[in-house]
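Here are a few exercises to work through with the model open beside you. Try each task before you read its solution.

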Amino acid sequence: MNFTTIRWDHDESALVLLDQTRLPGEVVYEHCRDLPSVAEAIRRLKVRGAPAIGVAAAFGVVVGARHSRAVDYASFSREVDDAVDLLAATRPTAVNLFWALERMRRAVREHQGASVADLKNALLSEAEAIQAEDETTCRLIGEHGAGLLHSGQTVLTHCNAGALATSGTGTALAVVYQAHSEGKRIHVYADETRPVLQGARLTSWELAQAGIGVTLICDNMAAQVMKEGRIDCVIVGADRVAANGDVANKIGTYGVAVLADAHDVPLYVAAPFSSIDLSIESGHEIPIEERAAAEVSQGPGGRTAPEEVAVYNPAFDVTPARYVSAIITERGVARQPYAERLAALSHQAWEPAVTG
C-alpha cells in the first residue's frame, strides 16, 4: 500500500491518521495531539472501520496520557478511566472499540503502583501491540479466506473493509489482496454504500491504488448484477458478530445478503476475533448507531431533500446468520452451526505471531 491509515509519531507524541473524509480528492494526514481530537476523528469518520477504530482509540488513550499531570498511580488511573469513557462514547456498534479500550485499562491495572512515567510507557507498548496484532490478523484472515476464491471470479463487497479500515490489508479486502498475490485473477464490484459513500470514495480508490480491477455500482444495482450472473460471491466485513453468527455491518449489508441468498450467491463475512462478541446471543442485542440527518439530506453536491423532511439514518444493520455462508477469522473459517464453531475457535489455544 502506498498510504498509511494509522501511525504513531514518536517525535510529536501524536496519532497520525489518514483523513478519510477527504478521499478520494485529497490525501491528507491529520495529526491528533490531544484526546478530544482523537475522539472527534473517530466520531466524524476521519478514521473508520471496526479494527481501525480500535487501534485509533488505543492510541487515543496514549495521547491523553501524554498530557497527564498526575503524580501517582491512583490519579493517573482515574484519568485513564475518563479517557476510556470519552472514547467509548464515540461509536456504539463496533465492539473492537470497547475491546481495545478494555485492554488499555487493563494495562494500567497490571502495573498497579508503577510510576506515572512507567505507566505511560506501558500504555504506548499496549497500543503498539494492538496495532501489530491487527496487522498480523489481517494477513491471517487473507490467507484463510483466499482459499475460498478461484481465479477468474468476481466479488461484490459493501462499504470498505480494506486497508483503510485496519492497520493492515483489511478484512474482506485482505482476502482479495491475498488471492491477487497468489496469482488469481479477481475482479471486484463495489457497492457505492450510501449515504456516506465509503464504497465509492474509499473501496474503489483503495483497489485502484493496488492495481486490482474494480467496478463501482449504485447500491440499488446489486440485484441486477447478481441476476446477470456477474457475481460469484459476496465478501463483507463486520463491526460486531453475535455468538449465533448474526452480523452487524454497514447499513445495506442485510439487503445484499438477502439478494445473495435469492441468487444462490455465497456471502462470506471476514472479521477479526475482536469483532466477535460471544457475550451476546444474537444480533437483537447489538446497539445500532443512528447518525446525523445531514448525511442523508445533504449529499456531496449540497442539499438533496427538503429541510423539513424527517430522516432516519441508522449506520448499521444486522444480517441474520442464516444468510452467512462462512465467517473468516484469523483463527480459521467458521461455518454453521456458528454458536458451536465460534465458541470452539474462541477456546482454542492461539497466540498471534506478530511479524515485522
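Helices (H or I, at least four residues) and strands (E, at least two) are DSSP runs, numbered from the N terminus. The model is predicted, so local features need pLDDT of at least 70 and side-chain atom pairs count only at pLDDT 80 or more, while totals for chains, interfaces and linings use all residues. Residues are numbered from 1 along each chain as its sequence is written, and side-chain values use heavy atoms, with hydrogens and water left out.

**Exercise 1. Positive phi**

Decide whether Ser13 and Leu45 are buried, partly exposed or exposed (buried is under 20% relative accessible area, exposed over 50%, partly exposed in between, with a 1.4 Å probe and protein chains only).

Solution. Recall that most residues other than glycine have a negative phi.
- Step 1: Ser13, which is not a glycine, has a positive phi of about 50°. Its loop runs between strand E1 (6-9) and E2. With a relative accessible area of 23%, Ser13 is partly exposed.
- Step 2: Leu45 has a positive phi near 70° and belongs to the loop between helix H1 (35-43) and H2. Its relative accessibility is 9%, so Leu45 counts as buried.

**Exercise 2. Two helices in contact**

Describe how H2 and H3 cross and which residues make the contact (heavy atoms within 4.5 Å).

Solution. 
- Step 1: The axes of H2 (residues 50-66) and H3 (residues 73-88) come within 10 Å and cross at roughly 140°. Axes are lines fitted to C-alpha atoms, for helices over the stretch in contact, and angles run from 0 to 180 degrees between N-to-C directions.
- Step 2: H2 and H3 are therefore oblique to each other (under 35 degrees is roughly parallel, over 145 roughly antiparallel, 65 to 115 roughly perpendicular, and the rest oblique).
- Step 3: H2 contributes Ala57, Gly60, Val61 and Ala65 to the contact, and H3 contributes Phe76, Val80, Val84 and Leu87.
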